[in-house]
Each structure stands twice: as C-alpha cells, then as structure tokens.
Amino acid sequence: MKNLLAAVLLAAVSCGATRNLTFPDGFWFGAGSAAYQVEGAWNTSGKGESIWDRLSHSKQALNPQTETADVAADQYHHYKEDVQGLKKVGFNFYRFSVSWPRVLPKGDLSVINQDGLDYYNNLINELVNNDIVPIVTMYHWDLPQHLQDLGGFANDIIIDYFEDYANLLFTHYGDRVKWWITFNEPLSFVNGYSSTMIAPAVNAPGVGLYLAAHNVLKAHARVYHLYDDHFRSQQRGKVGITLNTEYPMPKTNSEADINATEIYLQFQLGWFAHPIYSSEGDYPAVMKERVANKSRAEGLPRSRLPEFDEHWVKYIRGTHDFYGMNLYTANLISLSNTTADATVPPNSDMGSIIAEQDPSWPYEGLNSFRYTPFAMRKMLKLISDNYNNVSIFITENGWCDHGEINDTMRARFLVNYYAAVLDAIHLDNVNVIGHTTWAFVDTFEWFTYSTRFGLFYVNFTDPARPRTPKFSTTILSSIIKTRKLPEEYLDKE
Ligand code: NOJ
C-alpha cells in the first residue's frame with residue numbers, strides 16, 4: 001500500500017464548488033442482506049446447523065432473553081414479496097448471501113440439500129424475472145457447524161471445502177449470477193477466533209484470527225482461480241471479496257497520531273487488501289515486522305502471523321475483478337500513552353492505538369455508527385489511490401436507528417453519502433460501480449433486533465412478519481428514477 005499517509009492527509013474535501021449531483025450512466029443502485037440475518041427457517045427443509053445457530057442457541061440456553069435468528073424476517077417464506085419490494089423502490093440489484101449449511105448441511109459434498117438449492121434457484125429466478133440483478137455473497141459468517149467441529153477456518157482443509165461449495169454455486173447458478181463475492185468482511189468474522197463474542201467463539205487471541213485470515217485469503221484465491229479455469233469463459237461473470245474498514249483519520253496532527261493511523265490502516269485494511277490488491281502482494285511489511293517482533297519478545301519460536309511462501313503470494317495477488325467496500329463511518333486514531341489500552345492482539349501487535357469517534361458526530365441506533373458522510377469520499381479515494389484505481393463496488397452502507405418509519409435521518413444519510421460518492425466519481429476520478437444500501441429489510445443485527453438498518457420495517461412480534469416501507473424508500477425511489485440527488489436533503493457546507 002503505497003503512499004497511504006499522503007492519501008489520508010491529502011484526500012480533498014469538496015470546497016464549495018458546485019457539486020455535480022447526477023449519477024453517471026451505468027451506476028447501479030441496490031440493497032443488501034445476509035442469509036442468517038434475514039432468512040429464518042433455520043432448520044427447515046434439510047438445512048444444517050450453522051455456527052451462528054449453535055452460538056445463539058447456546059447463549060439462549062444460558063439466558064432466555066437472548067435473541068436468535070431462527071425466524072428473523074423470514075425471507076425464506078417471503079422472498080417473492082421482498083422481490084416486489086425491491087422492484088417497487090426501483091433497485092437494479094439485490095445483494096444476498098447463500099447459507100452454506102442450507103445447500104450443504106454438513107459443509108462437504110456428502111449431503112446435497114435439493115430443497116436448499118431450489119430455494120436460491122427460485123430466488124434468483126424471481127429476481128431475474130423482475131429485472132433485478134442477483135449479487136451473491138458465498139460466505140456471510142454462517143459456517144456449517146460440522147466444518148467448525150473440524151476447526152473451521154483454523155484448519156486449512158477449509159480451502160478444499162470452500163472450493164467444493166463454490167463449485168456447486170457456480171455450476172447451479174452461474175448461468176444467471178454474474179457477480180460473486182467470496183467472503184464478507186473477514187476483518188470482522190475472524191474475530192470469532194479471538195473472542196467468545198461472535199461465532200464460532202474460539203478464544204485464541206493473537207493466534208486464531210491470524211490463522212483463520214490466512215486460510216480465508218487462500219480460499220478466496222482458490223475460488224477465484226476455479227472461476228478462471230472452469231467457468232469464466234462461458235459464464236463471463238465477476239468475482240471479488242468484500243472488505244471493511246471504517247475511515248481512519250489521525251485524531252491530531254501529531255506525528256505520533258499520523259504514524260498510528262498508518263499502522264492501524266495496515267492492520268485493518270492492508271491485512272486483507274494488500275495480499276489481493278497491491279502490486280507486490282503478501283501481508284503489509286509493517287504488519288509482518290510488528291507481529292514477528294512481538295512474537296519473539298513473547299518467547300515464541302515463530303511469528304503468530306503465518307507466512308505465505310512465494311507460490312501463495314503470487315497465487316493470491318490479483319485475484320479480483322472488483323473491490324467490494326463496506327463503509328459506514330469514520331474513526332479517530334491516536335497513540336495511547338498507556339499500554340493498558342492494548343493488551344490483546346491484534347491491538348497489542350499494532351501498539352497502543354486507540355480508535356474512537358468524535359462525540360459530536362450524530363448517531364441514532366448505535367453510538368459506533370455515526371454520521372460522517374466525508375468518510376465515504378475519502379475512503380473511496382484512499383482505496384483507489386492505493387490499489388491501482390481498482391473498480392469499487394460499495395457492497396454495504398447504511399444507517400441504523402430503532403425502527404422509525406418516518407426515517408428522515410436515514411434519508412439524510414443516504415443523500416449525503418451518495419453526494420460523497422458522486423464527489424469521488426466526478427472530482428477524484430474514482431471508479432465506482434454501484435452502491436448497496438444496507439439493509440433491504442430490518443435484520444437480526446448479530447444478537448439484537450433493536451438496532452435497525454432496514455429500508456422496510458419488519459414487525460418481529462407478528463408471526464406473519466409484515467413489512468412496511470419506511471419514508472426513505474420514497475426518496476430512494478425518486479433518486480433512482482431521476483438519477484439525481486434532491487437538493488433539499490443536502491447538508492449545507
Ligand atoms: C457489516 C456486516 O456485513 C453486516 O452483517 C452487518 O449487519 C452490518 N455491518 C451492520 O453492522
């Protein structure tokens with residue numbers, strides 16, 4: 001990642017010039033979801049148990065108040081209605097994920113669940129018949145529990161199993177699905193190998209997450225090459241990965257905070273982006289160096305960060321047709337003056353770095369999801385500058401509240417984040433394919449239903465799970481129709 005610091009500091013903000021509020025031809029609008037967060041039907045028609053089923057049920061057994069996604073928005077039974085909702089808003093595409101254990105209940109090819117295959121087949125047909133492009137994420141965190149029992153992403157056999165699963169998806173759906181995302185937010189889900197907070201709740205800090213990430217990168221590359229070797233010439237689709245990092249900016253102009261921001265970026269974004277998107281490949285040098293030094297100081301015989309040999313560096317490098325970017329907010333980065341802030345890796349490997357938010361940035365649902373539209377333009381430019389002007393697909397971006405139907409803040413969020421996307425396109429020449437609003441319907445937000453991202457309100461206490469379009473859908477509809485942003489929702493500069 002070259003010149004990252006310069007990009008952080010120099011990313012220009014729009015400075016009073018009249019903004020171009022028109023979307024270029026070909027720019028796509030869509031909405032997203034993930035299987036575990038919306039489908040429900042957790043044990044219907046042959047679906048196997050996932051690591052999220054296991055974790056939420058075991059937490060519920062200890063505390064009956066714990067929410068699960070056993071039913072969630074029940075999209076499994078409401079998919080036709082949801083496709084009509086997408087169509088009504090005017091969306092060009094729907095990003096959804098396939099539940100691996102729904103099609104392969106044990107994760108491997110020993111059992112293929114025809115009902116599961118049929119479900120996604122029907123969903124894809126319903127979308128295509130309504131002129132909505134399906135964009136499919138292969139893995140959005142719900143690993144078959146059976147594979148977890150073998151170690152999950154900590155065991156490199158997962159690379160073979162993931163390839164088998166991807167092969168099945170390309171074979172069954174690749175005639176109609178042309179956009180594939182291998183993994184969603186590895187930076188987030190590998191935390192399941194360093195704490196008990198999220199699935200699979202393997203508490204191996206400093207080791208588990210680096211190991212899991214290593215195998216995720218290899219599995220991603222394996223599937224990209226599988227597509228190249230066996231499917232691309234016929235199916236002519238695209239394969240990428242979705243990465244996330246909230247836009248990090250130095251808290252002050254001090255050299256210490258500027259350096260801390262650079263290190264933080266490499267440990268968050270560079271960890272996954274550098275091996276795939278940089279010209280050199282491999283993990284960022286600063287990350288290799290710091291984890292190796294720290295491991296040595298801990299008396300370990302080798303670095304806790306596994307190494308790629310030359311073959312793997314080359315094999316992983318360049319395995320992308322686009323960059324999937326999830327972006328919600330910004331973070332202020334500073335160097336702490338106490339090591340107490342960094343006792344657990346990767347934080348302790350980075351050094352004592354604090355990521356926090358400005359309390360003046362507005363929020364409604366969760367105080368870590370604050371309103372920072374400037375972050376969108378800056379992050380797009382940073383990625384474009386550092387990764388050879390790669391085409392960026394914004395695969396998630398959205399606002400959370402507590403379920404307001406009259407969600408004027410979500411409308412403001414979308415208009416102003418869109419305006420920042422347009423600044424990146426028109427003023428910074430960033431290549432942006434499209435934007436995905438997260439989420440289409442209210443979802444299970446990984447243990448809670450009270451934080452709501454949906455464009456459609458879901459009544460989770462009604463067994464029929466009725467949907468109600470929120471106010472923001474009317475604004476979105478008109479933006480998509482006119483391909484222009486309404487001035488009245490734009491923040492005054
Ligand atoms: C990113 C994750 O991919 C998604 O599952 C989650 O709901 C959103 N962030 C909001 O937290």
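What follows covers the ligand site, the pocket and the cavities.

Some ground rules. This is a predicted model, where local features need pLDDT of at least 70, side-chain atom pairs count only at pLDDT 80 or more, and totals for chains, interfaces and linings use all residues. Residues are numbered from 1 along each chain as its sequence is written, and side-chain values use heavy atoms, with hydrogens and water left out.

Start with the ligand. There are 13 residues around it, and Q37, H140, N184, E396 and E445 come nearest; near here requires a heavy atom of the residue within 4 Å of the molecule. That shell holds six nonpolar, four polar and three charged residues. On classes, Ala, Val, Leu, Ile, Met, Phe, Trp, Tyr, Cys and Pro count as nonpolar, Asp, Glu, Lys and Arg as charged, and the others, Gly among them, as polar.

Now the polar contacts, meaning pairs of N or O atoms within 3.5 Å. A ligand oxygen lies 2.5 Å from a side-chain N or O atom of E445. For Q37 the corresponding distance is 2.7 Å, and for N184 it is 2.8 Å. On its own the ligand has 300 Å² of accessible area, and the protein covers 94% of that (Shrake-Rupley method, 1.4 Å probe).

Where does the ligand sit? It is in the largest pocket, the test being that more than half of its atoms lie within 2 Å of the grid points. A pocket, on a 1 Å grid over the protein atoms alone, is an open set with protein on both sides within 12 Å along at least five of seven lines; a cavity is a set of points where a 1.4 Å probe fits but cannot get out; lining residues have an atom within 4 Å of a point.

The volume of the largest pocket is about 1,300 Å³, counted as the space filled by probe spheres set on the points. Its lining has 39 residues, with E185, L187, S188, N191 and N244 nearest the centre. By class these are 19 nonpolar, 15 polar and five charged.

Finally, the cavities. The whole structure has two of 30 Å³ or more.

Terms used. A polar contact is a pair of N or O atoms within 3.5 Å; within protein, one must be able to donate a hydrogen and the other to accept it, and residues adjacent in sequence count only if both atoms are side-chain atoms.
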